[in-house]
Amino acid sequence: MECDKKYITIQQLEQHNKPGDLWVSINGKVYNVSDWSKYHPGGKTPLLNLAGKDVTDAFTAYHPTTAWQYLNKFFTGYRLKDYKVSEVSKDYRNLIHEFTKAGMFENKGHTAVFTLISVAAMFGFVFYGVLCCNSLWVHLCSAMVLGMAWIQSAYIGHDSGHYIVMSGHGWNKLVQLITGNCLTGISIAWWKWTHNAHHIACNSLDYDPDLQHIPVFAVSSRLFNSVQDRTLNIMGIIVFWTWFPLLVSWLPNWSHRVMFVLTSFVVTSIQHVQFCLNHFSANVYVGPPKGNDWFEKQTNGTLDISCSPWMDWFFGGLQFQLEHHLFPRLPRCHLRQVAPLVKDLCNKHNLPYKSLSFWEANELTIRTLKMAAMEARDVNNSGVSKNLLWEAVTIHG
């Protein structure tokens with residue numbers, strides 16, 4: 001009966017927002033996930049970032065319907081007294097429901113298989129070019145192909161990290177280990193820790209690790225806390241740093257080796273530029289994310305890159321960055337299909353839907369960086385004794 005139910009307010013929920021005392025609300029029911037945070041497959045950081053808040057939209061975005069059955073063991077017996085659902089969230093949840101009914105989350109298509117085949121073919125060409133040819137031009141082409149192979153491997157590693165490549169979690173982890181650690185030298189532990197936190201706190205200057213490049217990089221031993229198979233992670237990195245130096249050493253002289261390494265790395269910069277375009281020129285905010293404005297935060301902090309369908313392979317599906325952030329469990333083969341629905345929903349609720357060409361996005365990003373640089377250089381406009389550049393370099397954290 002309704003009178004037998006226990007209620008707490010949003011303000012009371014917000015008090016349980018730290019390690020060891022971590023509560024969240026899903027659909028108005030309050031759950032204690034303090035102990036579970038240590039075993040959470042996505043790491044404890046996303047839970048800490050949303051501690052003491054309603055996380056219904058984030059939970060729905062990241063978890064299949066089968067995950068709901070496990071919530072009962074964390075139920076505190078309390079419900080939110082003042083729980084409300086915004087019109088945006090209602091529409092967003094309806095979209096997820098429709099995608100689920102249509103089987104879109106389970107239907108992974110053949111994109112990943114084709115990409116894996118193309119990656120295998122590119123690596124075959126690279127090894128043949130290095131091991132069987134002495135021509136400088138063949139080695140140069142091999143280096144360029146290796147860069148493209150790394151880009152496509154990273155896309156597959158990203159998708160498998162979201163468990164949208166294979167049907168089972170074990171197979172997805174294997175694909176991620178091979179394409180991430182072994183082929184590109186990207187640590188599974190680092191990727192999982194930073195990427196999950198990035199999705200939850202998209203473009204938060206304080207909580208999004210993808211924006212934490214001040215003054216250069218932030219390194220922490222906690223990157224490995226959420227990874228159970230540390231041995232596999234380390235072994236995968238060792239595999240990369242075994243085959244790649246050996247491949248380079250097979251080249252006939254040092255000029256070929258330096259050219260090969262530099263060229264392959266330069267080609268991969270295309271992917272890094274794309275990642276910058278998706279977020280650097282979008283809106284940022286200060287402080288932790290809020291659970292009740294999930295849709296709004298994703299639209300404000302994300303930029304799409306418009307392109308022809310034949311370019312989808314090149315961009316790895318991540319040109320639909322907003323769609324991916326809203327539906328991280330959706331295989332990339334469906335992102336172009338759902339993009340018009342997302343755009344309509346943004347228009348309905350007067351939210352930004354930014355989709356620019358690759359060159360337009362570059363211009364916007366450079367213009368944004370220039371504005372920040374000008375502000376940092378201007379002592380008078382900064383309002384502090386030292387300019388913003390000094391503050392950025394010396395800030396704690």
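Which side chain of opposite charge is nearest to Glu323, a buried residue that has no salt bridge? The structure that holds this residue is a predicted model, in which local features need pLDDT of at least 70 and side-chain atom pairs count only at pLDDT 80 or more, while totals for chains, interfaces and linings use all residues. Residues are numbered from 1 along each chain as its sequence is written, and side-chain values use heavy atoms, with hydrogens and water left out.

The nearest side chain of opposite charge to Glu323 is that of Lys343, 9.4 Å away. Here Lys and Arg count as positive and Asp and Glu as negative, whereas His and the chain ends are not counted. Buried means under 20% relative accessible area, exposed over 50%, and partly exposed in between, with a 1.4 Å probe and protein chains only. A salt bridge is a side-chain nitrogen of Lys or Arg within 4 Å of a carboxyl oxygen of Asp or Glu. Glu323 belongs to helix H13 (residues 321-326); helices (H or I, at least four residues) and strands (E, at least two) are DSSP runs, numbered from the N terminus. Leaving aside residues up to four places away in sequence, Glu323 touches Asp304, Leu335, Val338, Ala339, Val342 and Tyr353, where contact means heavy atoms within 4.5 Å.

Helix H13 is also one of the partners of helix H4. The buried residues of H4 pack against helix H3 (56-62), helix H11 (294-300), H13 and helix H14 (335-348). Among these buried residues are Val88, Tyr92, Arg93 and Phe99. After H4 comes Gly103, with a positive phi near 75°.

Seven salt bridges occur in the structure. In one of them Arg93 meets Asp57, with the closest N and O atoms 2.7 Å apart. Because Arg93 lies in helix H4 and Asp57 in helix H3, this pair ties together parts that are 36 residues apart in sequence. Arg93 is buried at a relative accessible area of 19%, and Asp57 is buried at 1%. Another salt bridge joins Glu87 to Lys90, at 3.3 Å between the closest N and O atoms. Glu87 and Lys90 are three residues apart in helix H4, and are therefore separated by about one helical turn. Glu87 is partly exposed at 49% relative accessibility, as is Lys90 at 38%.

A separate part of the structure is an open sheet of five strands with mixed pairing, in the order S1-S5-S4-S3-S2. Its edge strands, S1 (6-8) and S2 (17-18), each pair on one side only; two strands pair if DSSP finds at least two bridges between them. Strand S3 (residues 21-26) pairs with S4 in the antiparallel sense over four bridges, and Trp23 stands opposite Asn32 in S4. S3 and S4 form a hairpin with two residues between them, and Asn27 in the turn has a positive phi of about 55°. Strand S4 (residues 29-32) also runs antiparallel to strand S5 (residues 75-80), joined by two bridges. The partners in S5 are Arg79 for Lys29 and Phe75 for Tyr31.
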